[in-house]
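This report describes helix packing and nonpolar cores in one protein model. The structure is shown first, and the description follows.

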Amino acid sequence: MCFSLSGLNQLSFDPASSESLGLGSAAGPRLSDSPAEDGSGPGKRKRSSIPPDGGRNLSLDSILMGLPMSDPTAWATAMNNLGMAPMGMTGQPLLPDFDPALGMMTGIPPINPMMPGLGIVPPPIPPDMPAVKEIIHCKSCTLFPPNPHLPPPATRERPPGCKTVFVGGLPENGTEQIIMEVFEQCGEVIAIRKSKKNFCHIRFAEEFMVDKALYLSGYRIRLGSSTDKKDTGRLHVDFAQARDDLYEWECKQRMLAREERHRRRLAEERFRPPSPPPVVHYSDHECSVVAEKLKDDTKFSEAIQTLLTWIERGEVNRRTANNFYSMIQSANSHIRRLVNEKAAHEKEMEEAKEKFKLALSGILVQFEQIVAVYHSASKQKAWDHFTKAQRKNISVWCKQAEEIRNIHNDELMGIRREEEMEMSDEEIEDPSEMKETEESALVSQVEALKEENDSLRWQLDAYRNEVELLKQEQGKASRDEDTTKEQQMKLLQQALQGMQKHLLKVQEEYKKREAELEKVKEDKLKIETLLENLKEQQSMADEEDKEGDAADCQGNESSMSRVCACSQEKECPVEKTLSNSPVKSEREVLLVGIISTFLHVHPFGASIEYICSYLQRLDSKICTAEVEVLMTRLQNTFRQELSGVGASLEKRWKFCGFDGLKMT
């Protein structure tokens, strides 16, 4: 079968041949070979005709319109085997009265407008119409399109330079040959990496082939005519991220960047101004050439640059001094020419100034006439006959004309002042010329004074009008300014009050903090004195405890001897014995028993911290100092020894009650 894919190029086989995809006539007769029936009989079933849109060629690469169509009967049979109603190219049922329970298709193939001989040309494809997928027949398998009403299959974001696709949902019995047979129609396949879990990766030669392969996503594949689950599957084609594709894309981008840089460099070199020609080295021949160029007015600038370069290079010596002197002399001869040229240009400039001054004075006269017209129009006789809009326009035009006239008048006066300054700086040579110049100056001054008088009179009128307008505007502005100034003053006063309050608060806080600091310092001194007193008391208590322990030991020995001697005669009260013994309370007796049991379990001894950690589990109020004082009082029961060497030296307490019993 010949199929048309959206976005695929023309297939490699010949569409006009009778064998489609190498299947020959095994796929059934073509649509053009099916017998034509008019269906006019009453007992015959009506055939559903495909609309003209169903025969459109949906390929974007302009595949030939005369492609042979597959046998609709085979198509319907395949759809029937899958338990689906036969569908046309546009998704419409071929037979409206199709019964799925029959297990076969009994309809008559419809007439396709693309059949050769009918001469029906389908209309152009609208851009919004979705592409209709068809059944694809291959040598070893058949691909059935998905339901056109389902949404398109989801794909991941396309990696840059992607040429590799992931194909999932392959049949379990699918081989690389079958995969190659299906996907080689999309383009040249470079490599196939197949996995044992019914998926594979296919790498194409070009990027656009990946788009063709994505078209097959959603198709159901069946190997041969088998309906076994191992021979069927639903294809899922998606973009795959491969290191080779990314490397090739990066190489391509680097190449494009190099080309762009080369193109920019060429463009910059094209628009770069040419560098000046290099100055030739000194020689006698070049010296004679430069000397001739120095005599020519047109080539003087080039030659003088060469001469300057030679002198800066240090080419002047005793042998070449005469040549350089002659060239310098030639350069000096051009000074008179340049002075004459400057004088000629100054003369031309003076003539141009005179022309400009005459033209400017004529323009000023015309401006004065125009302003006089505006002023005459603004008088009471004529002004009352104009409308408001006309009066407004006349006043605006008058202001503009007066401004332009004043600007030109200032320019003319500046030119005259410059001329007067130049005349004052010039040296007077001949008295006759001085008289002529004085007369001409007086005439010109009289004319200038007349013009200035007229211009000043008009300016005075203009200034009067402007002053009146400004007074009116200032009256309004002064009122607005007074209100704004009052508001600003109020705001500033409020801001100052707020700042003062804030400063007072800060000062109060500062004083409080200073008082707190003084209190803290006093508390610190008190605590230090208390600590010193406590240390002294503790040292005194330790000395008293040691003296009391020694006295208690002696009293205990004497009392024990007396108790042994007089045990049959008298019984001593319990309170006296407790007061004379080193154990002063029942709690200390319990502590001695628990410590003895603990140290009996640890024959090698234990540190005071270890003993106290065990006791604090029983009672958290027990402190280390209390336990240590109790154990030091019972020297016959507990003994302190040093164990370890150097840094590992440690004090350990051991139980010696059995030895102490023998000694006592």
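In this predicted model, helix 5 passes helix 6 in a left-handed crossing. On the helix 5 side, the contact is formed by Glu286, Cys287, Val290, Lys293 and Leu294, which meet Phe300, Glu302, Ala303, Ile304, Thr306, Leu307 and Trp310 of helix 6. By class, these residues comprise 8 nonpolar, 1 polar and 3 charged.

| Helix pair | Axis separation | Angle |
|---|---|---|
| helix 5 (residues 284-295) and helix 6 (residues 300-313) | within 8 Å | roughly 140° |
| helix 13 (residues 586-601) and helix 14 (residues 608-618) | 11 Å | about 125° |

The contact of helix 13 with helix 14 has 10 nonpolar residues, with no polar and no charged ones.

Turning to the cores, the largest nonpolar core contains 31 residues, and Val167, Phe183, Ile202, Phe204 and Leu216 have the most contacts inside it. Elements giving two or more residues to this core include strand 3 (164-168), helix 2 (176-183), strand 5 (199-204) and helix 3 (208-214). Beyond its neighbours within four places in sequence, Leu216 is in contact with Ile136, Leu143, Val182, Phe183, Cys186, Leu235 and Val237. Another core, of 18 residues, lies apart from this one and has Ile608, Cys612, Leu615 and Ile622 among its members.

How values were computed:
Residues numbered from 1 in each chain as written. Predicted model: local features only at pLDDT ≥ 70, side-chain atom pairs only at ≥ 80, totals over all residues. Heavy atoms only, no water. Axes fitted to C-alpha atoms, helices over the stretch in contact; angles between N-to-C directions. Helix = DSSP H or I, 4+ residues; strand = E, 2+ residues; numbered from the N terminus. Left-handed = near helix turned anticlockwise from the far one by under 90°. Contact = heavy atoms within 4.5 Å. Nonpolar A, V, L, I, M, F, W, Y, C, P; charged D, E, K, R; others polar. Core = buried A, V, L, I, M, F, W, Y, C linked by side-chain atoms within 4.5 Å. Buried < 20%, exposed > 50% of the residue type's maximum accessible area, 1.4 Å probe, protein only.
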